[in-house]
Amino acid sequence: MTVQDIRSFNRFYTNVIGALDYGRHLYAPYTLTESRVLYELAHAPRTDAADLRTQLHLDAGYLSRILNKFEEDGLVERGPSKTDPRRRRITLTERGREAAALLDERARETVGAMLDTVRSEDRPRLAEALRTVRTLLGEGRAPRPEDVVLRDPVPGDLGWIVQRNAALYAAEYGFNLEYEGLVARIVAEYAEDHDPHLERTWIAELDGRPVGCVMVVRDEVPGAARLRLLLVEPDARGLGIGDRLVGAVVAFAREAGYREVVLWTNDILAAARRIYQRHGFVLVAEKPHRSFGQDLVGQDWRLDLLATPE
């Protein structure tokens, strides 16, 4: 391996990226950097200019000009942070979310078209090669919270939610196939009929692989949203993923106009319960039951969105 080898590969990959980004006008009417800013804003419930500068390594003046343009185009709203008045909180408007979703859709279609040129038997080699480059040039750096992105599910993700819930709960708590059946029914109902304005699923992704998930759906009680299927992979814990997923649910429920968020869990899930408490959920009822091959104590938790400040 020589310096020339790296430079040659850089030229090759730059041409690949150039074809993806500009040959098909993927990011029009936005530049690549502007699109990256939109992407970050779309995958974080709340952020500020300092966060964006850190995540994207952007010059403060350059980022300010981008945000000014977005504000003029009606894509973002800026206001003081509720936790630190020295910071400016930035959120996407409805128009901004639509623009980010369109860019994401175009990106997936274009990269998908590129992958269609790779034979199915060669794709595992390609994936492994990409992971090798990241590992070797990353100098063994441990994952950071900012490496995790929250995104909408794509084909295959809902099946992953069922499989990982079943496998993890069997390994960590001894749950049997009854639990897998419950998760499968929940996911199937969501896939077959859900209102995207009132219901949503998030996938937490790290280094190109899913490492967490959560779902919010309409509850039987009018005005209530129900949080379901919160999960974080063991090797991705400690990065604040569960906290971000629950925060995404709460922020979405507020914007959708729900009065409260409810959830059902079991007392053995101590880490999840601590996350719910941090977000203001209150335990309202608990009851022993025999389910999933175990003796458990079920718990109902509730977050009053009208009484709890953002």
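**Figure 1. The salt bridge between R226 and D219 in the predicted model.** In this predicted model, the side chains of R226 and D219 form a salt bridge in which the closest N and O atoms are 2.7 Å apart. Side chains of opposite charge can pair when their charged atoms come close. Are the two partners, R226 and D219, buried or exposed? Both R226 and D219 are buried, and the cut-off behind that word is a relative accessible area under 20%.

**Figure 2. The salt bridge between E94 and R97 in helix α5.** Here the side chains of E94 and R97 meet in a salt bridge, with 2.7 Å from N to O. How many residues apart are E94 and R97 in helix α5? They are three residues apart in helix α5, which covers residues 94-115, and so they are separated by about one helical turn.

Figure 3. The side chains of D295 and R290 meet in a salt bridge, and the distance from N to O is 3.2 Å. D295 counts as exposed because its relative accessibility is 63%, and exposed is the word used for values over 50%. R290 is exposed as well, its relative accessible area being 56%. Elsewhere in the model, salt bridges that share partners join R119, E121, D122 and R125 into one network.

**Figure 4. The contact of helix α2 with helix α3.** Helix α2 is made of residues 32-42, and its axis comes within 11 Å of the axis of α3, the two crossing at roughly 120°. An angle of 65 to 115 degrees would count as roughly perpendicular and one over 145 as roughly antiparallel, and α2 and α3 are therefore oblique to each other. Their crossing is right-handed. Which residues of the two helices meet? From α2 come R36, V37, E40 and L41, and these meet L52, Q55 and L56 of α3. Sorted by class, the residues of this contact of α2 with α3 comprise four nonpolar, one polar and two charged.

**Figure 5. The contact of helix α3 with helix α4.** The axes of helix α3, residues 49-56, and helix α4, residues 60-72, come within 10 Å and cross at roughly 120°. For this reason α3 and α4 are oblique to each other, and the crossing of α3 and α4 is right-handed. On the side of α3 the contact is made by A49, L52 and R53, and on the side of α4 by A60, L63 and L67. The residues of the contact of α3 with α4 divide into five nonpolar, no polar and one charged. L52 of α3 is named in this contact with α4, and L52 is also among the α3 residues that meet α2.

**Figure 6. The position of S8 in helix α1.** S8 lies in helix α1, which spans residues 3-23. S8 counts as partly exposed because its relative accessibility is 35%. How many residues apart in sequence are S8 and I275? They are 267 residues apart in sequence, and in space they are 47 Å apart from C-alpha to C-alpha.

Terms used:
Residues numbered from 1 in each chain as written. Predicted model: local features only at pLDDT ≥ 70, side-chain atom pairs only at ≥ 80, totals over all residues. Heavy atoms only, no water. Axes fitted to C-alpha atoms, helices over the stretch in contact; angles between N-to-C directions. Helix = DSSP H or I, 4+ residues; strand = E, 2+ residues; numbered from the N terminus. Parallel < 35°, antiparallel > 145°, perpendicular 65-115°, else oblique. Left-handed = near helix turned anticlockwise from the far one by under 90°. Contact = heavy atoms within 4.5 Å. Nonpolar A, V, L, I, M, F, W, Y, C, P; charged D, E, K, R; others polar. Salt bridge = Lys/Arg side-chain N within 4 Å of Asp/Glu carboxyl O. Buried < 20%, exposed > 50% of the residue type's maximum accessible area, 1.4 Å probe, protein only.
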